[in-house]
Amino acid sequence: MSQQNPIQALLKTCENFAQCIQTHLSHFVGHKDDSGNANQNPRRPLFSLSSKPINPITSDDASTALHSEQEAPPYPISLQKEQPAMPVSKEELGRATWTLLHTLAAQFPDHPTRQQRRDVKELMSILSRIYPCKECADHFKEVLKANPVQAGSQAEFSQWLCHVHNVVNRSLGKVVFPCHRVDARWGKLECKERACDLEGTTTNFTI
Ligand SMILES: Cc1cc2nc3c(=O)[nH]c(=O)nc-3n(C[C@H](O)[C@H](O)[C@H](O)COP(=O)(O)OP(=O)(O)OC[C@H]3O[C@@H](n4cnc5c(N)ncnc54)[C@H](O)[C@@H]3O)c2cc1C
């Protein structure tokens with residue numbers, strides 16, 4: 001074993017330490033090695049100036065570094081690809097609403113209770129206030145003023161509804177519907193054991 005001068009040993013330790021620092025700093029500043037090539041060492045620095053963990057997949061360039069700083073989305077990736085909901089057109093909304101109203105009229109009891117008569121009047125009145133097409137709602141308000149709801153029976157209500165629908169049709173330049181054919185056009189729902197019938201048996205639901 002060769003005896004080493006303690007000063008020499010200390011100098012050697014300092015040199016090793018300096019080399020170590022230089023190696024790690026080169027990861028941050030794109031240090032060129034002795035051969036003059038840019039440092040392509042794929043290893044990550046042992047520590048980062050960023051407070052967030054470095055994404056091991058992204059590369060070193062500034063744009064991807066920016067990405068690695070962004071928050072992860074709070075929802076699954078697949079949801080990001082979904083198309084925005086298709087808006088409903090005024091025509092689709094109208095057809096759907098008339099379908100509801102004419103079906104309701106077809107199913108309206110022959111001998112409605114006072115409450116049922118009140119309900120349809122109230123429903124029409126509410127529609128004229130909150131129908132989600134302001135222009136249509138305002139127009140329907142005028143139609144109702146000129147044609148108060150008649151709901152003394154199923155026949156009366158469905159004929160009244162046919163009439164007001166025709167008022168709207170005319171104002172839009174549409175063909176007028178022959179109201180004697182309303183029962184052929186709009187029937188009751190087909191439900192087992194009269195489950196859809198307003199006068200049918202009451203279903204008990206457990207929620
Ligand atoms: C209360 C209300 C007010 C509206 N106001 C406006 C408005 O101001 N401006 C506007 O642009 N749109 C309005 N709409 C929408 C408009 O009435 C139509 O629904 C829309 O233009 C689509 O018309 P459509 O030709 O497809 O048939 P729709 O009029 O929607 O009728 C649907 C189906 O009902 C049947 N039908 C037609 N007339 C009658 C009738 N008299 N009785 C029974 N059945 C019939 C036909 O088979 C028809 O295909 C309104 C809708 C509602 C419900």
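This is a short tour of a predicted model, going from the ligand to its surroundings and then to a disulfide.

Start by selecting the ligand. The space it takes is the largest pocket.

Next, show the residues around the ligand. The shell holds 22 residues, and the closest are R95, C162, H165, R185 and W186. Coloured by type, the shell residues divide into 10 nonpolar, seven polar and five charged.

Now pick out individual contacts. At C162, look at the backbone rather than the side chain: a backbone N or O atom lies 2.9 Å from a nitrogen atom of the ligand. At H165, turn to the side chain, where a polar atom lies 2.9 Å from an oxygen atom of the ligand. K174 also has a polar side-chain atom facing this check, 3.1 Å from an oxygen atom of the ligand.

Four of them, α4 (90–107), α6 (134–146), α7 (154–171) and α8 (182–185), each supply at least two residues of the shell around the ligand. Select α4 by itself to see the helix that gives the most to this shell, with seven residues.

Last, show the cysteines. The structure holds two disulfides. A disulfide is a covalent bond between the sulfur atoms of two cysteines. Select C133 and C136, which form one of them, with their sulfur atoms 2.1 Å apart. The torsion about the S-S bond of C133 and C136 is about 70°, so this disulfide is right-handed.

Definitions and conventions
Residues numbered from 1 in each chain as written. Predicted model: local features only at pLDDT ≥ 70, side-chain atom pairs only at ≥ 80, totals over all residues. Heavy atoms only, no water. Near = heavy atom within 4 Å. Polar contact = N/O pair within 3.5 Å; in protein donor to acceptor, adjacent residues only side chain to side chain. 1 Å grid on protein atoms, 1.4 Å probe; cavity = no way out; pocket = protein on both sides within 12 Å on 5 of 7 lines; lining within 4 Å. Sits in = over half its atoms within 2 Å of the grid points. Helix = DSSP H or I, 4+ residues; strand = E, 2+ residues; numbered from the N terminus. Nonpolar A, V, L, I, M, F, W, Y, C, P; charged D, E, K, R; others polar. Disulfide = S-S within 2.5 Å.
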